[in-house]
Amino acid sequence: MDEVVDLVSALIRFDTSNTGELETTKGEKECAEWVARKLEEVGYETVYVESGAPGRGNVFATLAGADPDRGTLMIHGHLDVVPAEPADWSVHPFSGAVEDGYVWGRGAVDMKDMVGMALALARQFKSRGTVPPRTIMFAFLADEENGGKWGSHWLVDNRPDLFEGVTEAVGEVGGFSLTVARPDGTERRLYMVETAEKGLGWMKLTAKARAGHGSFLHDENAVTYLAEAVAKLGNHTFPLVISDSVAEFLAAVSEETGLDFDPTSPDLDGTLQKLGSIARIVGATLRDTANPTMLKAGYKANVIPQTAEAMVDCRVVPGRQAEFEREVDELIGPNVEREWITKLDSYETTFDGHLVDAMNDAVLAHDANGRTVPYMLSGGTDAKAFARLGIRCFGFAPLRLPPELDFAALFHGVDERVPVASLEFGTQVLEHFLLHS
């Protein structure tokens, strides 16, 4: 536990930037091999797997539990990060600097903080001869930032044997605190446990028409067809859909704050803004989204091209996939074709059971003013891959955060950083959780 800050700082110093291209993504192998060495130092036998392409390193280590008949609990984290431009940062993004009470750098919250906490506890348990109540697998993975094609999904498709016996899994983007004001003037910290994820899909739109000279009159134009479709899709507001996870979250926040987060309220979006920066995440889980992100057409200013293409980032609420695609088809019209480049299903589990109780007990053991609540993540994690094996997945990387910290903005943001005190708190909570799970 004492080494968690040093471990997180060291992990950040590995530039594991994932560009989405095999040729330019780097650092995962070196980082994974370092993690393996840190585990082997204290006596673990590790398994190193390169998932389908050179350098896409993944590391596994298992700690036997007291009850071999219980299913294995997997603690997983990804080693890759999104790229960062050093000129934009206050400190170098791969320095792992420890300054002003924070560990700074790309990956500090997404998700080398959780990787560092898991690694610290794995080392501590092995060094001290700790035997947890159930077997724990520690998994450190590649390529999450590009949808897990060369990480979790490749492993599930090609090496499902690695996950034999795993029944539950805990990963990122959950367990962090949201401080809310109560009607009596006090505050309450809600620790948001991820129980659901929207579906993730990257859709390619293609329009085709006759090519021609830019000086002529044209009643067919691929660029025009595509532009109209992209504008309609980007400006469209999909209907409000409240899943069970979102409904439970809104009910808990209403209970604590006295504010009306009624799912049927016409001003629900406005009321959510009273929660501060977290409203960006929660608000995005109320409905499907389809955001155009890339355009490609033409090769010369005076030539009308035959083809125009666009990419759209789609995030779909659980249970809405078929209806979402029907709405998209109506919006883009008959002159534009669509295809899924990446399509990962949504996921949702219930907020109950022994594992959830253990999370709540762990939080309360270290924060008597805390309360765990479920929520849905608007993005996606490696949980999407593991759910395909029937593994029950949660996001629980516990952090007690300063109320003034805009935590949501740190994900993939400039000056990404995590409070040292939050890392120390999170390691204590995670230790309690693992020893009572």
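Student: How much space lies in the second largest cavity?
Tutor: This is a predicted model, in which local features need pLDDT of at least 70 and side-chain atom pairs count only at pLDDT 80 or more, while totals for chains, interfaces and linings use all residues. Residues are numbered from 1 along each chain as its sequence is written, and side-chain values use heavy atoms, without hydrogens and water. A cavity is a set of points on a 1 Å grid over the protein atoms alone where a 1.4 Å probe fits but cannot get out, and its volume is the space filled by probe spheres set on those points, joined across faces, edges and corners. For the second largest cavity, that comes to about 30 Å³.

Student: Which elements give two or more residues to its lining?
Tutor: Lining residues have an atom within 4 Å of a point, and for the second largest cavity they are Val-246, Phe-249, Val-282, Thr-285, Tyr-375 and Met-376. Elements are DSSP runs numbered from the N terminus, with at least four residues for helices (H or I) and at least two for strands (E). Those giving two or more residues to this lining are α6 (244-257) and β17 (370-377).

Student: How many residues lining the largest cavity are charged?
Tutor: About 70 Å³ of space lies in the largest cavity, and its lining includes Asp-113, Glu-172 and Phe-176. Ala, Val, Leu, Ile, Met, Phe, Trp, Tyr, Cys and Pro count as nonpolar, Asp, Glu, Lys and Arg as charged, and the others, Gly among them, as polar. Besides nine nonpolar residues and one polar, the number of charged residues is two.

Student: Which element supplies the largest share of the lining of the largest pocket?
Tutor: A pocket is an open set of points with protein on both sides within 12 Å along at least five of seven lines. The largest one holds about 860 Å³ and is lined by 33 residues, with Arg-315, Ser-378, Gly-379, Gly-380 and His-412 nearest its centre. Elements that each supply at least two lining residues include α4 (152-158) and β14. The largest share, three residues, comes from β12.

Student: How many residues apart are Glu-309 and Lys-204?
Tutor: These two form a salt bridge, with closest N and O atoms 3.4 Å apart. The pair links distant parts of the chain: Glu-309 sits in strand β14 (residues 307-316) and Lys-204 in strand β10 (residues 199-208), so their separation in residues is 105.

Student: Why does Arg-338 count as partly exposed while Glu-325 counts as buried?
Tutor: Arg-338 and Glu-325 form a salt bridge with closest N and O atoms 3.1 Å apart. Glu-325 is buried because its relative accessible area is 18%. Arg-338 is partly exposed because its relative accessible area is 24%.

Terms used: A salt bridge is a side-chain nitrogen of Lys or Arg within 4 Å of a carboxyl oxygen of Asp or Glu. Buried means under 20% relative accessible area, exposed over 50%, partly exposed in between (1.4 Å probe, protein chains only).
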